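The points are numbered, and each can be checked against the coordinates shown here.

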Amino acid sequence: MTTSTNGKFDRTPLIAGNWKMNMDHVQGITLLQKLAWTLKDAQHDYHRVEVAIFPPFTDLRSVQTLIKGDKLEIEYGAQDLSPKDSGAYTGDISGQFLSKLGCKYVLVGHSERRTVHGESDELLNEKLKAAYRNEVIPVLCVGEGLEIRQSGQHVAHTLEQVRQDLAGLDAEQVSALVIAYEPIWAIGTGEVAGPADAQEMCSAIRAEIANLYDDAVAAKTRLLYGGSVKAQNAASILKERDVDGVLVGGASLDVTEFANIVRFEQHLVTD
Ligand SMILES: O=C[C@H](O)COP(=O)(O)O
């Protein structure tokens, strides 16, 4: 683990770009190449701030080839996985395949999977276990919709998701886990939860992990914020004590914007 310049982390910050259903494999390679060049020009230290991209499944082999061939330090992962490892599950993608493709991470329970595909916490718990079984680190997404936020039940709702999703996982697994808090009302809307909102929820999640496991586990689990993150608001969110990174959607498709989010520490100095 490394320490960032603002002194708050003993957890390596993670800046993650979720491309969602954008970028075919040809476009994806161009985007990745430009990102790598931009961060090389900026002499980015990947040990100090980790960078990961989450392209569509169909891009993963090309991404793996480029990253391996050019010895890039950018990590990558998939946007979903099956709870099963193999068999008659047409259209599903096994964690075994992701592991073979060198994926370090996999998103589990993104709000678009929960809402568009109706994925339940029970299913997501199975997906988390499938990820660990195949040695891929899950990035579990949790968060509330607008109605729940307005009712003031957002913390209780999100912690209930955490408890259900983590059921049966052991301390070692949860220490390696990444959890992204993504309030649904802030995703792709331009509405961004304020730094204090991000901190409130990340702090509550960390306390819940300490309660379910212990302080040592809670100190290791990385907590991200996601929802309309841009270069302009990233530094103020990342300055919060319990926020260890960001999960970026739309802005990760713009190389300059995403590279500036990766380089958030530059902005911390002048804030
Ligand atoms: O996975 C990323 C989140 O859904 C945030 O997306 P966004 O940055 O486009 O709001």
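1. Helix H1 (residues 25-41) packs against helix H12 (residues 255-262) at an angle of about 45°, and their axes are 10 Å apart. Axes are lines fitted to C-alpha atoms, for helices over the stretch in contact, and angles run from 0 to 180 degrees between N-to-C directions. Helices (H or I, at least four residues) and strands (E, at least two) are DSSP runs, numbered from the N terminus.

2. This is a predicted model: local features need pLDDT of at least 70, side-chain atom pairs count only at pLDDT 80 or more, and totals for chains, interfaces and linings use all residues. Residues are numbered from 1 along each chain as its sequence is written.

3. H1 and H12 are therefore oblique to each other. Angles under 35 degrees count as roughly parallel, over 145 as roughly antiparallel, 65 to 115 as roughly perpendicular and the rest as oblique.

4. On the H1 side, Leu31, Lys34, Leu35, Thr38 and Leu39 meet Val255, Phe258, Ala259 and Val262 of H12. Contact here requires C-beta atoms, placed from the backbone, to lie within 7 Å. By class, the contact of H1 with H12 has 7 nonpolar residues, 1 polar and 1 charged. Ala, Val, Leu, Ile, Met, Phe, Trp, Tyr, Cys and Pro count as nonpolar, Asp, Glu, Lys and Arg as charged, and the others, Gly among them, as polar.

5. A second pair is H5 (residues 121-133) and H7 (residues 154-166), whose axes come within 7 Å and cross at roughly 50°. The crossing of H5 and H7 is right-handed. Asp121, Leu124, Asn125 and Leu128 of H5 make the contact with Gln161, Gln164 and Asp165 of H7. These residues of H5 and H7 divide into 2 nonpolar, 3 polar and 2 charged.

6. Which residues does the UniProt annotation "active site" cover? The unreviewed entry lists His110 and Glu182; such annotations may be inferred rather than shown by experiment. They are spread over 73 residues of sequence, yet the largest C-alpha distance is 8.4 Å.

7. His110 lies in the loop between strand S4 (105-108) and helix H4 (111-116). His110 counts as buried, with 28 C-beta neighbours inside 10 Å (buried is 20 or more, exposed 12 or fewer, partly exposed in between). Glu182 sits in the loop between strand S6 (178-181) and helix H9 (195-212), and counts as buried with 29 such neighbours inside 10 Å.

Terms used:
Left-handed = near helix turned anticlockwise from the far one by under 90°. Contact = placed C-beta atoms within 7 Å.
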